[in-house]
Amino acid sequence: MKRLCVSACLLGAPCRWKGDSKPCEAVQRLAEGAKVRALDAQTARFLSQAEFAEPFSFTDDRGPGGAAVEIVPFCPEVAAGLGCPRPPIELVRTDEGVRVLRVDRKGDVTDALRAACEAQADALARTGGVDGFILKARSPSCGLSSPLHDAAGRQIGAAPGLWAALARERFPAADFRDETNA
Ligand code: SF4
């Protein structure tokens, strides 16, 4: 069975900073009939509130000979305990390298986010690995290529989100996509 780790908001979980979701029809279709199970409690809680573009129910576990795909939804920002809704964050080039800061510059969430992402990577590795990722584009956590800012908030380039970078490092053989080519 193929195993894919997916940004939870693409499945319809209302875990974005504004408290909304970003359902992607292709991702939701993939989840139809799949085994869908979050490995962390925070994402699981938001997943139970997911709204789907079309009515269907996914199967938690189809048992032997069942689903061809297992989907592991993950929201790094709720897993990191950043809350929902929460202040928006962005990637910022600093003297200490690229950090994830609140847009209002009232906090640095890099370490909390990294700890949650490391825990998710460990959980994926421990439970059978992962074949691919479908990640939310342009997110400072999930994006494969996201806006990079200077201290003043000006965009100065692009960089991978923290989860995207860490996942690539931990699972170099996996397939990486975002919702624009899911
Ligand atoms: S952190 Fe990732 S999964 Fe969570 S809301 Fe942002 S883009 Fe979606």
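The buried residues of α5 pack against α3, β5, α4 and β6 (132–135). Contact here requires that the C-beta atoms of two residues, placed from the backbone, lie within 7 Å. Helices (H or I, at least four residues) and strands (E, at least two) are DSSP runs, numbered from the N terminus. The structure is a predicted model, in which local features need pLDDT of at least 70 and side-chain atom pairs count only at pLDDT 80 or more, while totals for chains, interfaces and linings use all residues. Residues are numbered from 1 along each chain as its sequence is written.

In α5, the buried residues are L162, W163, A164 and A167. A residue is classed as buried if 20 or more other C-beta atoms lie within 10 Å of its own, as exposed if 12 or fewer do, and as partly exposed in between, with C-beta atoms placed from the backbone. The loop between α5 and β9 contains A173, which is exposed, with 8 other C-beta atoms within 10 Å. A distance of 8.5 Å separates the C-alpha atoms of A173 and G132, which are 41 residues apart along the chain.

Helix α4 comprises 17 residues (110–126) and reaches 24 Å from its first C-alpha to its last, close to the 24 Å expected at 1.5 Å a residue. The expected span is 1.5 Å times one less than the number of residues in the helix. T110, L113, A116, C117, Q120 and L124 are the buried residues of α4. These buried residues line one face of the helix, because they fall within an arc of 135° when seen down the axis of α4. The arc is that of the directions from the helix axis to the C-beta atoms. An α-helix has 3.6 residues a turn, so residues three or four places apart point the same way. Exposed residues on the other side of α4 are D111, E118, D122, A125 and R126. The packing partners of the buried α4 residues are β1 (2–7), β3, α3 (76–79), β5 (97–102) and α5 (162–170). Just after α4, G128 takes a positive phi of about 120°.

Five strands form an open sheet in the order β2-β3-β1-β6-β9, with parallel pairing. Strands β2 (35–36) and β9 (175–178) stand at the edges with a single partner strand each, so one side of each is left without a neighbour in the sheet. Two strands are taken to pair if DSSP finds at least two bridges between them. Between β2 and β3 (residues 69–74), two bridges are found in the parallel sense, and V36 has I71 in β3 as its bridge partner.

Strands β7 (residues 146–149) and β8 (residues 155–159) run antiparallel and are joined by four bridges. H149 stands opposite Q155 in β8. The two strands form a hairpin with five residues between them, and G153 in the turn has a positive phi of about 95°.

The loop between β6 and β7 holds P140. P140 counts as buried, with 29 C-beta neighbours inside 10 Å. Apart from neighbours within four places in sequence, P140 is in contact with I89, E90, L91, V100, S146 and G161. P140 and D150 are ten residues apart in sequence and 14 Å apart in space, C-alpha to C-alpha.

R138 also lies in the loop between β6 and β7. Its phi is near 70°, a positive value in a residue other than glycine, and R138 counts as partly exposed with 15 C-beta neighbours inside 10 Å. In the loop between β5 and α4, R105 has a positive phi of about 60° although it is not a glycine. R105 counts as exposed, with 12 C-beta neighbours inside 10 Å. The peptide bond from C84 to P85 is cis, with omega near 0°, and P85 lies in the loop between α3 and β4 (89–94). Most residues other than glycine have a negative phi, and most peptide bonds are trans.

The residues around the ligand are S7, A8, C9, C15, R16, C75, P76, E77, K136, S139, S141 and C142, where a residue is near a molecule if its C-beta atom, placed from the backbone, lies within 6 Å of it. This shell divides into six nonpolar, three polar and three charged residues. Ala, Val, Leu, Ile, Met, Phe, Trp, Tyr, Cys and Pro count as nonpolar, Asp, Glu, Lys and Arg as charged, and the others, Gly among them, as polar.
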